[in-house]
Amino acid sequence: MRLFDSHAHLDFPQFREDRERLLEEMRDQHVAALNVGADLVSSRASLVLAASHAHISAACGVHPHDAKDYTPRAEAELAQLLKEGAVAVGECGLDFYRDLSPRDQQERALRGQLHMARRLELPVILHQRDAWEAFVQVLREEGPLRGVVHAFSGDTAKARQVVDLGLHLGIGGPLTYARNHALRDAVRVVPVERLLVETDCPYLPPQPFRGKRNDPLKVRLVVLELASLLGMRPEELAEITWNNACDLFGVRPTF
Ligand SMILES: [Zn+2]
């Protein structure tokens with residue numbers, strides 16, 4: 001079966017030693033990935049990875065942690081990068097958990113990138129942590145939107161809000177954590193055509209790998225867990241989430 005990891009950071013230093021080997025293993029095991037930029041440097045690195053690997057695509061954006069650097073000049077540079085083969089804008093969003101950038105600047109950077117996505121007719125990769133009300137407020141004001149709330153971790157009510165906003169949900173390793181009953185309930189109320197699977201590697205490894213580095217091959221464990229929750233065969237869910245990602249990002253990865 002073929003698998004689409006809709007959120008990876010393979011350009012990060014955690015993969016410095018074995019990046020090419022991992023990319024080859026992904027090709028052998030038919031695992032495609034969207035590599036997601038978090039600032040201008042990683043956005044450029046994502047484009048480089050995508051240009052040299054037919055199973056990798058790139059998103060370019062500025063993470064809320066780095067929103068303090070989202071100057072008009074950075075925005076112009078991002079717009080330029082997005083025209084060089086990116087298939088989505090992001091990741092962008094609000095993170096009031098770590099608050100590494102002032103909240104008003106986070107919101108300004110998010111709105112700026114949503115406008116850019118609209119202008120370029122690209123989907124958005126959205127990050128949200130401990131900022132739900134403000135996040136939904138901005139999305140309502142800036143909508144309608146196409147894109148994904150990545151690493152979705154809310155309950156049934158929040159899952160429905162994401163669906164109502166017209167967005168997809170990115171489901172990752174935390175689905176496999178024993179205590180995460182709320183998330184396992186939430187995915188059941190989402191139409192399957194709105195589900196994407198992801199790793200957010202090197203972060204958020206699924207259950208047996210907690211504390212270790214995550215990688216796109218482990219998206220298989222998310223698919224197994226999600227398929228069993230939805231009462232589907234893993235092959236069937238893998239194909240549906242593959243097609244969901246291809247349709248949303250307008251890509252056709254090959255191996
Ligand atoms: Zn990420």
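Helix axes are lines fitted to C-alpha atoms over the stretch in contact, and angles run from 0 to 180 degrees between N-to-C directions. The structure is a predicted model, in which local features need pLDDT of at least 70 and side-chain atom pairs count only at pLDDT 80 or more, while totals for chains, interfaces and linings use all residues. Residues are numbered from 1 along each chain as its sequence is written.

**View A. The protein chain as a whole, with 9 helices and 8 strands.** Helices (H or I, at least four residues) and strands (E, at least two) are DSSP runs, numbered from the N terminus. Along the principal axes, the C-alpha atoms of the protein chain fill a box of roughly 45 × 40 × 35 Å. The radius of gyration, taken over C-alpha atoms, is 17 Å, which agrees with the value near 18 Å that a compact globule of 255 residues would have, the globule rule being 2.2 Å times the number of residues to the power 0.38. Buried residues (20 or more other C-beta atoms within 10 Å of their own, against 12 or fewer for exposed ones and a count in between for partly exposed ones, with C-beta atoms placed from the backbone) make up 46% of the 255 residues. Of the contacts with a separation of 6 or more, 69% join residues 24 or more positions apart, a contact being a pair of residues whose C-beta atoms lie within 7 Å.

**View B. The largest nonpolar core, with 67 residues.** A nonpolar core is a set of buried Ala, Val, Leu, Ile, Met, Phe, Trp, Tyr and Cys residues joined through C-beta atoms within 7 Å. The residues with the most contacts inside the largest core are Ala59, Ala88, Val89, Leu169 and Ile171. Helix α9 (residues 234-249) gives the most to this core, contributing 6 residues. Leaving aside residues up to four places away in sequence, Ala88 touches Leu34, Ala59, Leu122, Pro123, Val124, Ile125 and Phe249.

**View C. Helix α8 (residues 219-230) against α9, with axes crossing at roughly 110°.** The two axes come within 9 Å, and α8 and α9 are therefore roughly perpendicular to each other, a label that covers angles of 65 to 115 degrees, with those under 35 counted as roughly parallel, those over 145 as roughly antiparallel and the rest as oblique. From α8 the contact takes Val223, Leu224, Leu226, Ala227 and Leu230, and from α9 it takes Pro234, Leu237, Ala238 and Thr241. By class, this contact has 8 nonpolar, 1 polar and no charged residues, where Ala, Val, Leu, Ile, Met, Phe, Trp, Tyr, Cys and Pro count as nonpolar, Asp, Glu, Lys and Arg as charged, and the others, Gly among them, as polar. Also in helix α9 is Ile240, which counts as partly exposed with 18 C-beta neighbours inside 10 Å. The C-alpha atoms of Ile240 and Glu193 are 7.0 Å apart in space, although the two residues are 47 apart in sequence.

**View D. Helix α2 (residues 40-52) beside helix α3 (residues 72-82), with axes crossing at roughly 10°.** The axes come within 11 Å, and α2 and α3 are therefore roughly parallel to each other. Leu40, Ser43, Arg44 and Leu47 of α2 meet Ala74, Glu77, Leu78 and Leu81 of α3. The residues of this contact divide into 5 nonpolar, 1 polar and 2 charged.

View E. Most residues other than glycine have a negative phi, and most peptide bonds are trans.

**View F. Phe255 in the segment after α9.** With 13 C-beta neighbours inside 10 Å, Phe255 counts as partly exposed. Not counting residues up to four places away in sequence, Phe255 touches Arg27, His30 and His55.

How values were computed
Two residues are in contact if their C-beta atoms, placed from the backbone, lie within 7 Å.
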